[in-house]
Amino acid sequence: MEIVMAFVIGILFMTATYLMLSKSLLRIIVGTGLLSHGAHLLILTMGGLKRGAAPILGGNAESYTDPLPQALILTAIVISFGVTAFFLVLAYRAYQELGTDNVEEMRGTQKDD
Amino acid sequence: MTNLIILPILIPLFTGAILIFLNKRIIAQRVVATISSICSVIAAWLVIQKVRTEGVQSLNVSSWDAPFGITLVSDMFSALLVFTTSIVAFVCLLYSFKSIGQEHEKYYYYAVYNFLIVGVNGAFTTGDIFNLFVFFEVMLMSSYVLLVLGGTKIQLRESIKYLLVNVISSALFVIAVAYLYSVVGTLNMAHISSRIHEISINGMPGILTVIAVMFLIVFGLKGAIFPLYFWMPGSYYAPPAPVLALFGALLTKVGVYSITRTYTLFFYHDMETFGLLSILAILSIIFGVIGAIAYWDIKNIIIYNIIVAVGVILYGVSILNTTSITGAVYYLIHDMLIKAALFLLVGVVISITGTSNLKNISGLINRYPGLGWTFFIAALALAGIPPLSGFVGKLLIVQGGFEGESLIGAFIVLMSSLLVLFSVMKIFINGFWGKDRTYREEEEAPVKRLLIAPVILVVISALYGIGSESILPYISQAADTLLDPDIYINAVLKE
Amino acid sequence: MRNTNNIILETAVKVLLFFIALYSVYIFTAGHYYPGGGFIGGLMTAGAIVLLLITYDIKTVVGILPVNFRILTAIGLLFAIGTSAGSLIFDAPFLTHAFGDVHLPILGDLSLHTATLFDLGVYFVVVGVTMTIIQTIGEDE
């Protein structure tokens with residue numbers, strides 16, 4: 001199972017890298033989203049994919065799943081949700097102000113302004 | 001009081017929430033922000049005193065015991081940094097009152113400002129590697145907002161790049177934490193350290209070296225070390241002076257702190273990674289100095305000086321002996337103070353002249369002697385002329401370099417001081433001497449009031465240099481904890 | 001700018017909105033011992049409001065829900081900080097919560113936690129932040 005997850009994560013990172021190398025801002029944002037998905041899956045896999053009861057104190061199950069990766073992922077998801085939302089708003093504002101969503105055209109030296 | 005060490009985080013957080021309600025009442029915002037800022041400074045001072053008398057302090061948030069819950073740890077290193085942060089934040093706040101403009105103030109400037117301080121103080125205080133990531137994100141989110149607030153074209157453009165770089169580095173941070181978790185199975189930094197110590201008896205396993213390098217990349221991106229500083233000159237160019245001063249003084253230092261903390265606590269078994277760190281630090285110094293000399297733009301000159309300073313501090317860390325670590329800690333605090341002062345002074349110059357291009361500025365000292373001499377002292381302190389504060393730190397770092405038989409590195413640090421002095425003297429000679437000019441914005445600039453904030457910082461920095469004898473016990477306590485991870489581990493895990 | 005006249009959506013939303021809102025409250029309260037909680041409940045409430053925004057325009061929605069979402073975020077933050085800082089008074093570590101079992105008439109045995117108040121703060125923050133983002137993008141055409 002870990003092998004499959006490794007492939008999935010690899011494909012996610014690959015796609016994310018490809019998207020982030022493109023010029024359109026929207027694609028880049030989608031790319032960052034995929035990158036964080038990959039990272040979250042990686043945490044889950046690194047914690048070990050075990051089956052077992054819910055990790056509640058005082059239970060009598062034989063094996064427990066590790067609660068920590070799930071807590072980490074939840075936190076990381078919330079953060080990446082916030083950042084992605086901010087990025088989208090920023091991209092929209094930048095599109096209005098600069099009139100382009102092409103990162104190539106956003107290059108510029110400080111002297112332009 | 002158990003909760004003392006969380007106060008420097010809690011006070012700005014609470015203030016930030018309150019300031020959201022007051023967004024239309026500027027005077028009320030200023031009053032609240034000032035009071036809370038003073039409270040933070042006092043709280044941070046109390047933390048230092050407590051750490052001085054009782055050793056490393058730890059707080060198990062939510063009453064979960066140490067390796068399981070989130071722990072906040074305040075050793076002397078982080079307590080000193082939190083104190084310096086609070087001072088810098090307070091002074092930059094004073095500067096903001098006169099310069100930032102009502103548009104910013106109505107648009108939650110002070111609230112976001114406080115959230116930034118939450119992130120920075122939190123990152124310095126936390127004892128949990130994932131919590132460090134969370135505080136990084138708090139700090140970064142606030143920095144995005146501060147960077148883009150105002151919404152000019154250059155700000156939007158640079159914010160996008162800054163955001164993208166940091167999103168990628170955050171993802172890398174999560175990945176590095178995931179790898180580390182799979183190896184050691186814990187997130188508490190003290191616990192990680194003791195577990196790594198257990199498995200590294202016959203040399204550190206390869207995977208840990210990989211993780212060490214990943215941490216170096218992540219924190220290096222934040223701290224702007226050699227190959228990873230490419231984003232900084234552009235992004236730091238965009239925001240207004242007080243924000244720039246905060247960024248320059250605090251954000252990169254959080255990266256430097258994290259490298260220092262993780263390397264001295266986790267990866268001290270593997271001297272090869274320290275060798276890599278040392279090489280990168282020296283390259284940062286060289287490239288930073290080249291940038292600082294080459295530019296004719298006062299903002300850019302100071303921005304490149306950040307890279308030099310980061311290199312010098314990390315070089316001190318990478319040598320890893322008592323002298324060099326003491327020097328690195330001393331220099332880190334000095335640099336936070338003096339960079340904030342210099343950026344604020346640059347802000348004053350820009351508010352007088354309306355430009356940051358050195359070729360369009362000259363003769364400022366004729367009408368603004370106070371500004372000129374403050375800048376002169378700040379420049380000398382930056383370069384490390386005795387008895388100002390830069391001197392002691394650099395001396396210790398260079399001495400540590402000689403002790404550690406890293407002659408080339410120590411020599412480069414020495415040479416860099418000379419070139420740093422040249423780069424700031426270039427500003428002084430070209431901008432302050434020469435023919436007097438008149439500038440368009442001159443009438444409106446409240447120079448005397450703006451000057452209060454940088455003067456405070458320069459005075460503190462001078463006192464820090466002159467009184468180094470009495471401050472040194474604090475610094476060496478910080479260095480001792482960094483060099484002996486057992487102090488930290490025992491304080492947290494209470495074994 | 002109301003240019004569509006989508007009668008099916010409008011009628012459906014009128015009914016569905018209350019179910020979604022109610023379910024989000026359920027999710028929020030269930031979060032104590034079962035999956036759920038302030039974050040997911042807040043997102044669901046925000047989802048309901050977004051559905052309203054899709055069906056009607058912003059002006060109508062502001063008429064229905066005259067809430068300043070930034071203030072809501074701040075209130076939520078204060079809730080969260082206040083309940084966690086309450087432990088400072090009792091000299092317990094930050095974020096320590098108290099709980100106890102209470103017997104109330106009609107409702108029966110309940111387990112009451114101060115953590116619920118903290119979660120309520122999270123709920124407000126999530127609704128506030130999400131709606132602020134949506135409004136920022138949606139406001140100008």
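Tutor: Buried means under 20% relative accessible area, exposed over 50%, and partly exposed in between, with a 1.4 Å probe and protein chains only. This is a predicted model, in which local features need pLDDT of at least 70, side-chain atom pairs count only at pLDDT 80 or more, and totals for chains, interfaces and linings use all residues. Residues are numbered from 1 along each chain as its sequence is written, chains are lettered from A and ligands numbered from 1 in the order in which they are written, and side-chain values use heavy atoms, with hydrogens and water left out.

Student: What is the relative accessibility of B:Glu105, and which residue does B:Glu105 meet in a salt bridge?

Tutor: A salt bridge is a side-chain nitrogen of Lys or Arg within 4 Å of a carboxyl oxygen of Asp or Glu. B:Glu105 counts as buried because its relative accessibility is 1%. Its salt bridge, at 3.0 Å from N to O, is with B:Arg30.

Student: Which helices of chain B hold B:Arg30 and B:Glu105?

Tutor: Helices here are DSSP runs of H or I with at least four residues, strands are runs of E with at least two, and both are numbered from the N terminus. The pair links distant parts of the chain, 75 residues apart. B:Arg30 is in helix H2 (residues 26–54) and B:Glu105 is in helix H4 (residues 102–106).

Student: How many residues apart are B:Asp75 and B:Arg261?

Tutor: Their side chains meet in a salt bridge of 2.8 Å, N to O. B:Asp75 lies in the loop between strand E2 (71–74) and helix H3 (76–99) of chain B, while B:Arg261 belongs to helix H11, and the separation is 186 residues.

Student: Why does B:Asp75 count as buried, and why does B:Arg261?

Tutor: B:Asp75 is buried because its relative accessible area is 0%. B:Arg261 counts as buried because its relative accessibility is 3%.

Student: Which residues have the most contacts inside the largest nonpolar core?

Tutor: A nonpolar core is a set of buried Ala, Val, Leu, Ile, Met, Phe, Trp, Tyr and Cys residues joined through side-chain atoms within 4.5 Å. The largest has 242 residues, and helix H14 (residues 322–353) of chain B gives the most to this core, with 20 residues. The residues with the most contacts inside it are B:Ile129 and B:Phe173.

Student: To which backbone oxygen does the side chain of B:Ser143 reach?

Tutor: B:Ser143 is placed in helix H6 (residues 129–148) of chain B and counts as buried because its relative accessibility is 0%. At 2.7 Å, its side chain reaches the backbone oxygen of B:Leu140.

Student: How much area is buried between chain B and chain A?

Tutor: Buried area is the accessible area (1.4 Å probe) that two parts lose on being put together, summed over both. Contact, meaning heavy atoms within 4.5 Å, joins 33 residues of chain B to 35 residues of chain A. Carbon and sulfur atoms give 82% of the buried area, which is about 3,100 Å².

Student: How many salt bridges does the rule find across the interface of chain C and chain B?

Tutor: This contact takes 16 residues from chain C and 20 residues from chain B. The two chains bury about 1,600 Å² between them, 74% of it on carbon and sulfur atoms. The number of salt bridges found across the interface is 0.

Conventions. Polar contact = N/O pair within 3.5 Å; in protein donor to acceptor, adjacent residues only side chain to side chain.
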